[in-house]
Amino acid sequence: MIVKIVDYGKVGDKNFIEYHALGLSLNQMNFLNDNLDDETEISGDVLKLKMYFEDNLYPFQSDVAQFRLDDFIAREEIEMNVFLSSFLEDL
């Protein structure tokens, strides 16, 4: 599975990150789509996931994140990959 951040920012007063997960089987995508509490959508062979964060939990809010944004994005993609992989263990 490959997880990529395709968008992030603020909508109204909510911070969000949108992820695309690739390399999943249809069964895996359906399982995640049906069981994750966040916004999900299956589009072709991509699972789209949009998560919302409070200000204190949003990973891109700090001054350090602004200077090392690529590092923060890479870390967040790895963390989401690990989270989705562990979630799929219940499949």
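Leu26 lies in helix H1; helices (H or I, at least four residues) and strands (E, at least two) are DSSP runs, numbered from the N terminus. The model is a predicted one, in which local features need pLDDT of at least 70 and side-chain atom pairs count only at pLDDT 80 or more, whereas totals for chains, interfaces and linings use all residues. Residues are numbered from 1 along each chain as its sequence is written, and side-chain values use heavy atoms, with hydrogens and water left out. At 53% relative accessibility, Leu26 counts as exposed; exposed denotes over 50% relative accessible area, buried under 20%, and partly exposed the range in between (1.4 Å probe, protein chains only). The C-alpha atoms of Leu26 and Val46 are separated by 9.4 Å, with the two residues 20 apart along the chain.

Strands S1 and S2 pair in the antiparallel sense over 9 bridges, where pairing requires that DSSP finds at least two bridges between two strands. Within this pair, Tyr8 stands opposite Ile17 of S2, and Val11 has Lys14 of S2 as its bridge partner. The hairpin of S1 and S2 has 2 residues between the strands, and Gly12 takes a positive phi near 65 degrees there. S2 also pairs with S4, again in the antiparallel sense, over 8 bridges; Ala21 has Leu47 in S4 as its bridge partner. Of the 9 residues of S2, 7 are buried, so the strand is largely enclosed by the rest of the structure.

Asn15 is found in S2 and is buried, with a relative accessible area of 5%. Its side chain is joined to that of Asp55 by a polar contact of 2.7 Å. A polar contact is a pair of N or O atoms within 3.5 Å; within protein, one must be able to donate a hydrogen and the other to accept it, and residues adjacent in sequence count only if both atoms are side-chain atoms. Not counting residues up to four places away in sequence, Asn15 touches Gly9, Lys10, Met51, Tyr52, Phe53, Glu54, Asp55 and Tyr58, contact being defined by heavy atoms within 4.5 Å.

Helix H3 has 20 residues, which at 1.5 Å a residue should span 28 Å, and its end C-alpha atoms are 28 Å apart, in agreement; the expected span is 1.5 Å times one less than the number of residues. In H3, Phe72, Ile73, Glu76, Glu77, Met80, Leu84 and Leu88 are buried. They cover an arc of only 135 degrees around the axis, which puts them on the same side of H3; the arc is that of the directions from the helix axis to the C-beta atoms. Ile78 and Val82, on the other side of H3, are exposed. The cover over the buried residues of H3 includes S1, S2, H1, S4 and helix H2 (63-67).

The largest nonpolar core has 22 residues, of which Tyr19 and Leu84 touch the most other members. Such a core is a set of buried Ala, Val, Leu, Ile, Met, Phe, Trp, Tyr and Cys residues joined through side-chain atoms within 4.5 Å. Strands S1 (2-11), S2 (14-22) and S4 (46-53) and helices H1 (26-35) and H3 (69-88) each supply at least two residues of this core, and the largest share, 5 residues, comes from H3. Leu84 touches Met1, Val3, Ala21, Leu32, Leu36 and Leu49, not counting residues up to four places away in sequence.
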